[in-house]
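Take a look at the protein shown here and keep its chain in view while reading. The paragraphs below lead from the whole chain to some of its parts.

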Amino acid sequence: MIDSLTRIIQASLLQLRWLSVMAMALAALVSPYILGPSALTGRLLVFAGVIAAINLVFMLAARFLGTALDVPWFFSPLAQLTFDLLAWGAYLFVSGGATNPLISIFLPLVAIGALVLGQRQAWLFALGAILIYSFLWKYYVPLYIADNQMAGTLHLVGMWLVFALSAVMVVWFILQLTASIRRRDQELAAARERAIRDDWLISLGSQAAGAAHELSTPLATLNILVDDLLDDSRLTAALVPDVQAMKAPIQRCKETLSQLTARAGHAKGTEPPAIPARAWLQRLLFAWQSQHPQAELRLDISRDLDHCGLPADIAIERALANLLDNALQAQASLIQVRALARASTLEIRVADNGTGIPPATLEAIQQHQPLISTQGMGVGLLLGRAAVERRGGSLSFLSPATGATTAHLCLPLVAMSETPHAG
């Protein structure tokens with residue numbers, strides 16, 4: 001979830017208030033050395049503690065709300081800045097009002113308001129600051145100064161402290177805000193790139209679905225013709241095995257078209273049901289092995305996967321089948337598949353001893369760039385990776401220059417406590 005600008009400002013204002021609390025507490029602790037012993041120190045410390053407690057409640061509430069879209073009005077930047085303005089107004093009221101050099105603390109608040117508020121709200125906030133300043137000019141609790149001769153010097157020292165604090169507040173706030181906005185812009189750019197890639201994949205999927213629709217009719221016709229040929233008494237015995245051999249590829253084509261139809265249903269928003277992970281993996285790998293009997297496939301599937309499940313997504317199955325197909329195309333004589341459950345994640349490691357992935361292809365895969373190879377590896381890997389990431393998983397490759405490839409596929413698992421265990 002990418003944070004909105006309002007949420008970034010809200011978090012920055014809550015962090016900024018801790019600086020105000022520290023400034024209030026520091027001024028209270030220093031006051032006895034400047035003004036002499038008085039009961040004012042205790043009152044100011046209690047006041048700073050109350051503001052700190054309120055800010056803590058605000059931060060806990062913000063964490064509780066999380067990424068909720070409906071944010072309460074008191075979290076708006078105008079409400080938060082008004083709270084800071086009133087807090088400092090009350091603090092200054094009991095500590096000398098406009099005669100307190102800390103009165104200039106209103107200026108950085110007004111500057112921050114001009115930075116984060118809209119035009120009308122910024123002017124309204126500035127007007128509020130002027131009114132509170134004017135009020136404190138006449139109404140306030142006077143400060144008692146033990147050494148009146150030091151009053152002028154102390155006032156200058158106080159003004160210097162306010163200037164330093166204001167500079168720190170403004171610079172800190174602007175730097176934090178710009179850093180958060182920069183991070184948000186980077187996340188938006190990454191999301192935009194993913195959207196472009198998904199659009200390309202959706203377009204590719206639409207073309208595949210259209211091709212499947214166009215192929216269904218001639219495929220059904222071929223199936224009928226093969227059945228008619230087998231029933232024809234004029235078919236010679238020498239040709240019967242060849243005609244029967246045509247039945248298996250036709251049946252596989254029909255199954256592929258059925259899977260495309262089911263995949264189209266999932267794309268329309270129907271969430272596929274969860275199935276036991278171990279049974280799903282065994283069925284997929286055994287089916288691939290039956291289609292490629294020449295490949296030596298070694299399996300190590302943890303029985304812990306009987307207790308876990310994952311959505312029956314055909315796109316994920318194609319992603320795993322593509323890994324095996326690619327290993328075979330890389331002239332691998334041995335393919336090892338190891339699957340286990342780690343925490344709530346299914347980890348599948350597919351290692352082969354083939355020729356490996358060319359560096360240019362591996363770089364393109366890592367950069368999520370479409371790559372069309374002479375063997376069709378680029379599109380298959382890209383589609384598989386997109387399908388895995390859409391399910392919240394990841395797919396990475398390790399292919400040294402000496403050859404061989406290891407693919408790591410991770411998918412989130414769900415509990416299957418009420419599902420009968422598959423053998």
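What follows goes from overall figures to helices, then to charged pairs.

The structure is a predicted model, not an experimental one. The protein has 423 residues, and buried residues make up 38% of them. A residue is called buried here when its relative accessible area is under 20%, exposed when it is over 50%, and partly exposed in between. The chain forms 11 helices and eight strands. The accessible surface comes to about 24100 Å², and carbon and sulfur atoms account for 64% of that surface. How much of the contact in the protein is made by residues 24 or more positions apart? Among contacts with a separation of 6 or more, such residues account for 73%.

Begin with helix α1, which covers residues 5-35. The patch has an area of about 330 Å² and consists of Leu 26, Leu 29, Val 30 and Leu 45. Val 30 belongs to α1. Its relative accessible area is 31%, so Val 30 is partly exposed.

The next residue to look at is Ser 31, which is also placed in helix α1. Is Ser 31 buried or exposed? With a relative accessibility of 9%, Ser 31 counts as buried, because the limit for buried is 20%. Apart from neighbours within four places in sequence, Ser 31 is in contact with Gly 36 and Thr 41. Thr 41 is 10 residues from Ser 31 in sequence, and the two C-alpha atoms are 6.7 Å apart.

Helix α2 spans residues 40-65 and helix α3 spans residues 77-93. Their axes lie 11 Å apart, and the two helices pack at an angle of about 170 degrees. Angles over 145 degrees count as roughly antiparallel, and α2 and α3 are therefore roughly antiparallel to each other. On the α2 side, the contact is made by Leu 44, Phe 47, Ile 51, Ile 54 and Phe 58. On the α3 side, Gln 80, Phe 83, Ala 87, Ala 90 and Tyr 91 take part.

Helix α3 also pairs with helix α4, residues 106-116. The axes of α3 and α4 come within 11 Å and cross at roughly 175 degrees. That angle makes α3 roughly antiparallel to α4. In this pairing, α3 contributes Pro 77, Leu 81, Asp 84, Leu 85, Trp 88, Gly 89 and Leu 92. These residues meet Phe 106, Leu 109, Ile 112, Gly 113 and Val 116 of α4.

Pro 77 has a further relation, to Gln 121. The two are 44 residues apart along the chain, while their C-alpha atoms are separated by 9.7 Å. Gln 121 sits in helix α5, which runs over residues 119-138. Because its relative accessibility is 37%, Gln 121 counts as partly exposed.

The last topic is charge. Side chains of opposite charge can pair when their charged atoms come close. How many salt bridges does the structure hold? There are six salt bridges, and three of them are described here, one after another.

One of them joins Asp 306 and Arg 278, with the closest N and O atoms 3.7 Å apart. Asp 306 lies in the loop between β2 (297-301) and β3 (308-311), and Arg 278 in helix α8 (residues 277-291), so this pair ties together parts that are 28 residues apart in sequence. Asp 306 counts as buried at 8% relative accessibility, and Arg 278 counts as buried at 7%.

Arg 283 pairs with Glu 317, and their closest N and O atoms are 2.9 Å apart. Arg 283 is partly exposed, with a relative accessible area of 46%, whereas Glu 317 is buried, at 11%.

A further salt bridge connects Asp 300 with Arg 338, with 3.4 Å between the closest N and O atoms. Here the link is between strands: Asp 300 is in β2 and Arg 338 in β4 (residues 335-342), 38 residues apart. Asp 300 is partly exposed at 42% relative accessible area, and Arg 338 is partly exposed at 41%.

Technical notes: Residues numbered from 1 in each chain as written. Predicted model: local features only at pLDDT ≥ 70, side-chain atom pairs only at ≥ 80, totals over all residues. Heavy atoms only, no water. Patch = residues over 30% accessible without salt bridge, like charges linked within 9 Å, V, L, I, M, F, W, Y side chains within 5 Å. Areas by Shrake-Rupley, 256 points an atom, 1.4 Å probe, with all protein chains shown as cover. Salt bridge = Lys/Arg side-chain N within 4 Å of Asp/Glu carboxyl O. Helix = DSSP H or I, 4+ residues; strand = E, 2+ residues; numbered from the N terminus. Buried < 20%, exposed > 50% of the residue type's maximum accessible area, 1.4 Å probe, protein only. Axes fitted to C-alpha atoms, helices over the stretch in contact; angles between N-to-C directions. Parallel < 35°, antiparallel > 145°, perpendicular 65-115°, else oblique. Contact = heavy atoms within 4.5 Å.
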